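Hi,

Here is the structure I promised to pass on to you. Please open it alongside this email, and my notes will follow below.

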Amino acid sequence: MNRPLFPVLIASTLVTGCAGTLSQMSAPSSETSQVAQSGKRLPVEAFVTRYMQSQQVSGMVVAVIRHNGPAEFHCYGVTDAKNRYPITPDTLFALGSLSKGVTAEVFTLLVNEGQLRWDDTLQTLLPPGTPLSDDAKRITLLQLVTHTSGLPRQPMNMLSLEHLLFYLSDGENFYHDLDDDSVLRYLSTFNAPVTREPQYSNIGYAILGYILKYQTDESVETLASRLIFQPLAMKNTSFEPQTLRAFPRRALGHAGDQPKFKPRGALTPDWHFTNNMVGAANLYGDARDLIEYARAHFSSTGNAALDKAFTDVDAIYYPRQKEAANIAWITDTYGPQKITYQVGYIGGYSSYIGFDRAQQNAVVVLQNSFNWSNYIGHAILQHQASE
C-alpha cells in the first residue's frame, strides 16, 4: 500500500534534527558551565531538582565517585505515578545505547584473547556468500566498534521512516527491522563516504550483534555475564532484564523531548529486542552496578583481562576536541581535562555514564524520561576537576 510521502519527510526532519552527533548529546548548556566553574561543592540536589522540574521527570538517580572514594547516591522521585515506588540505587532503568559499550568491551576481550582481530573484515566475519558491496567487504571490526565504518545511523528508506512517524505519536520501537537478520541486506549496496569521520551507527552495532553470535555461537548476555558482569559482581545488570528480580519494580519510561506528539510525562511502551539489536540497546541496570562499572575503568579490578580491556577502550582512535571516538566510548577535552563517556536514549529513558581517569572521578545519571539535554553528568565531572 502506498503511504503519503509528506508525513514521512516530516518525521525524518523532526528526529534527525535532534540527533546529529555521534553521542546524541547536546553541548553543555550555559547553566552547566556556570555550575561547573562555581568553585563551590556542587549542590547536586538543587541542580537535579531544578532540572527535574523543568523537564517534568518523575524519577532520577545520580551516582558519584570522587577521587576513587566510596560511591554516593542521590535519588529523587518515583518509578511512575501509579506504582510510586521510590527511586533507589537499586532501581532498574533501561540503558539504551550504554549497551553498546558493554558489547564493544566483549569484542575487546575476545580480540585480546586472540579469537578475533581488529583488522578482520566483514568479508571474513560474516557467512560465506553474504552479499557485500566492495566497500562493505573492507569494513573492519575496529571501524564498527568505533563508529567509523561509514555506515549510517539507521536506514533512510520509506519503511523505516514510516515506523519513525508512528513512533512520534505512540512511542513504539522503530528499530525492530534492525533486530532481524535482514539487516545484512544494507551491506549489499553500501557506498563508503569519501571521508571516514565518526558517524554514530545503529546499523553497525546490529551487524556487530550478528557477528558476535555467528563467530562465537553464544549470546551477548552469556558472554557479558561471564566476562564482565560476574567478575564485577554486577548482579542487577542484564541484556535479558525480565530475568532480574528488580524488573517488576523498575522505573517506567516517560515521554519527554520525544516522542514529539506524546504529552510530556505520559508513560511510553518498553522497547524489546531479541536478536541483533540486543547488544546495541537492550541492556538494563541500576546505578549501584553502573558506578562500580565506571570505577573499573580507572581502578584495578584484580582481573588482568578486564583491566587491559578497560584501558584499551579508553584509547582514542579518532582524535578531536569533542566526541573523539574510542571503542564505543567517546572523549571530550576541556583544557587539561578529558571526560570519557557514553549516553543512552531509548523509549522513555535517558542515561549517562562518564569518568575522568586522571582525577579518578565517575558519574552515572539515570532518568525515566527521554530528554536530549542529558548534561548533568558532564557538569559534575567538570566541577569535580576544580575541587
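Below is what turned up, taken one site at a time. Please keep in mind that this is a predicted model.

Let me start with a histidine. H254 is placed in the loop between α11 (220–229) and α12 (278–281). Is H254 buried or exposed? With a relative accessible area of 5%, H254 is buried, because the cut-off for that word is under 20%. The side chain of H254 reaches the backbone oxygen of L252, at 2.8 Å. If you set aside the neighbours within four places in sequence, the contacts of H254 include S58, T79 and D80. Further along the chain, H254 also touches G265, A266, L267 and T268, as well as G348, N368, S369 and F370.

**Aromatic rings**

The count of aromatic pairs comes to 18. One of them is formed by F298 and F355, a tilted pair with 6.4 Å from centre to centre and 50 degrees between the planes. What does this pair tie together? F298 lies in the loop between α13 (287–295) and α14 (304–312), while F355 belongs to strand β8 (residues 349–356), so the pair ties together parts that are 57 residues apart in sequence. Both partners are shielded by the cut-off used above: F298 is buried with a relative accessible area of 8%, and F355 counts as buried at 1%. The two rings also belong to a cluster in which ring pairs link Y293, F298, F310, W329 and F355.

**Charges over rings**

Two arginines are worth a look on screen. The charged end of R250 sits over the ring of F247, 3.9 Å from the ring centre. R288, in turn, lies over the face of F73, and here the distance to the ring centre is 5.3 Å.

**The largest pocket**

Finally, there is the matter of open space. The largest pocket holds about 220 Å³. Its lining is made up of 16 residues, and those nearest the centre of the pocket are S219, V220, T274, N275 and V278. Which helices each supply at least two residues of this lining? They are α10 (202–216), α11 and α12. The largest share, three residues, comes from α10.

Happy browsing, and do write back with any questions.

Best wishes

Notes: Residues numbered from 1 in each chain as written. Predicted model: local features only at pLDDT ≥ 70, side-chain atom pairs only at ≥ 80, totals over all residues. Heavy atoms only, no water. Helix = DSSP H or I, 4+ residues; strand = E, 2+ residues; numbered from the N terminus. Buried < 20%, exposed > 50% of the residue type's maximum accessible area, 1.4 Å probe, protein only. Polar contact = N/O pair within 3.5 Å; in protein donor to acceptor, adjacent residues only side chain to side chain. Contact = heavy atoms within 4.5 Å. Phe/Tyr/Trp six-rings, centres within 6.5 Å; stacked < 30°, edge-to-face > 60°. Lys NZ or Arg CZ within 6 Å of the ring centre and 35° of its normal. 1 Å grid on protein atoms, 1.4 Å probe; cavity = no way out; pocket = protein on both sides within 12 Å on 5 of 7 lines; lining within 4 Å. Points joined across faces, edges and corners; volume = space filled by probe spheres on them.
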